[in-house]
Amino acid sequence: MLMNDETLSRAADTLRAWALDEDLKARVLAHPEAAAVAKRAALRYIAGEDAASALRLLEANADRGHRWSIELVGESVRDARVADEQTAEFIDLARRISESDQTATISLDLSHIGSVVSPELGLRNGLTLAQAARDAGTSLMISAEGSDRTDLVLSIYEQIADAFPETGITLQARLHRTPADLDRVLDRPGPIRVVKGAFLESTEVAYPRDSAPMTAAYISMVTRLVGSGHRVNVATHDANLVAALEGALGDDLRQPHVEFEMLQGLGTELLDDLRRRGLATREYLVYGPEWWLYVLNRIAEHPERVIEAIADIGPIALLA
């Protein structure tokens, strides 16, 4: 039986709620058998649990011709000691990139390095990472978080970008506030990554995912950025949206300040096809043990991926 749009939408919202349920995450990952099952589903979307795994995957895929981004996945750290430890892990990633034959930008959530402990801690660690990235010959791309954190993210980003103007920022097309945020960040030279937005949001603050208004907002943002000459990462795995952008902008998408970006395990064939046709492309690799929110949000984007997850898990014994 085919599921209707309403059922799929409810399933997606449930997955996003699970993604944000830190108690559920702790209980699943504390159970060895449950954690092992969940990890088998996660491996479609993550390179492994350490930086070496991500760099091995990058090396193995270097001949595909893409640019690269790498993230040590994690979010919502509420302990200053842990935030500092995770910052040290990112610094080690920068060092490894500098020693590699390949290069990659470093992506991160500011809440992973302490912004929800205090804005001061998030800024301090962000500046430290921006310096480490510059020393490694690369730069940072700051990810979007839930709408309740957007002001915090933008404030810290602006302060980092004052010292490291190469730093990039991510905006969510589906948030009603984003056109004003775009006006704000266009004053900075760093790349702007445009995403749909994967978080569970109310209709008061965001368009429904994949609705006509959201699609129109996405195309409008990209059109403005492409026309402005500002560096833009068009981050989507939606083949229909990519086709609409190509129809609207044509060869303008081949300009040097424009690139398409897709996550590991999603849109692989589409990204490779864009590269073969001469467009600039970037693949985003993710690694680390704190993959819970990231993976559930990836599945929630298209709840049909639950079937892929079951296939990836394979036969298992009943959990005790």
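Modeller: Leaving aside its neighbours within four places in sequence, Q172 is in contact with A144, E145, T178, V195, K196, G197, A198 and F199. The model is a predicted one. The residue Q172 belongs to strand 4, which covers residues 168-172. Its relative accessible area is 3%, so Q172 counts as buried, the cut-off being under 20%.

The setting of the whole chain comes next. The protein chain has 13 helices and 8 strands. Of its 320 residues, 53% count as buried. Among contacts between residues at least 6 apart in sequence, 74% join residues at least 24 apart.

The part that I shall now examine in detail is helix 10. Helix 10 comprises residues 239-249, and its buried residues are L241, V242, L245 and L249. When one looks down the axis of helix 10, these buried residues fall within an arc of 100°, and they therefore line one face of the helix. On the face of helix 10 turned away from the buried side, one finds the exposed residues N240 and G247.

What does the buried side of helix 10 pack against? Its buried residues pack against helix 9 (212-228), strand 6 (232-235), strand 7 (258-263) and helix 11 (268-276).

Two packed helices are described by the angle between their axes and the distance between the axes. For helix 9 and helix 10, the angle is about 45° and the axes are 11 Å apart. Helix 9 is therefore oblique to helix 10. The crossing of these two helices is right-handed. On the side of helix 9, the contact is made by T215, Y218, I219, V222, T223 and V226. Helix 10 contributes L241, A244, L245 and L249 to this contact. Of these, L241, L245 and L249 are also among the buried residues of helix 10.

The two ends of helix 10 complete the description. At the start of the helix, a side-chain oxygen of D238 comes to within 2.9 Å of the backbone nitrogen of N240. N240 is also one of the exposed residues on the face turned away from the buried side. Just after helix 10, G250 adopts a positive phi of about 55°.

How values were computed: Residues are numbered from 1 along each chain as its sequence is written. This is a predicted model: local features need pLDDT of at least 70, side-chain atom pairs count only at pLDDT 80 or more; totals for chains, interfaces and linings use all residues. Side-chain values use heavy atoms; hydrogens and water are left out. Buried means under 20% relative accessible area, exposed over 50%, partly exposed in between (1.4 Å probe, protein chains only). Helices (H or I, at least four residues) and strands (E, at least two) are DSSP runs, numbered from the N terminus. The arc is that of the directions from the helix axis to the C-beta atoms. Contact means heavy atoms within 4.5 Å. A polar contact is a pair of N or O atoms within 3.5 Å; within protein, one must be able to donate a hydrogen and the other to accept it, and residues adjacent in sequence count only if both atoms are side-chain atoms. Axes are lines fitted to C-alpha atoms, for helices over the stretch in contact, and angles run from 0 to 180 degrees between N-to-C directions. Angles under 35 degrees count as roughly parallel, over 145 as roughly antiparallel, 65 to 115 as roughly perpendicular and the rest as oblique. A crossing is left-handed if the near helix is turned anticlockwise from the far one by less than a right angle, and right-handed if clockwise.
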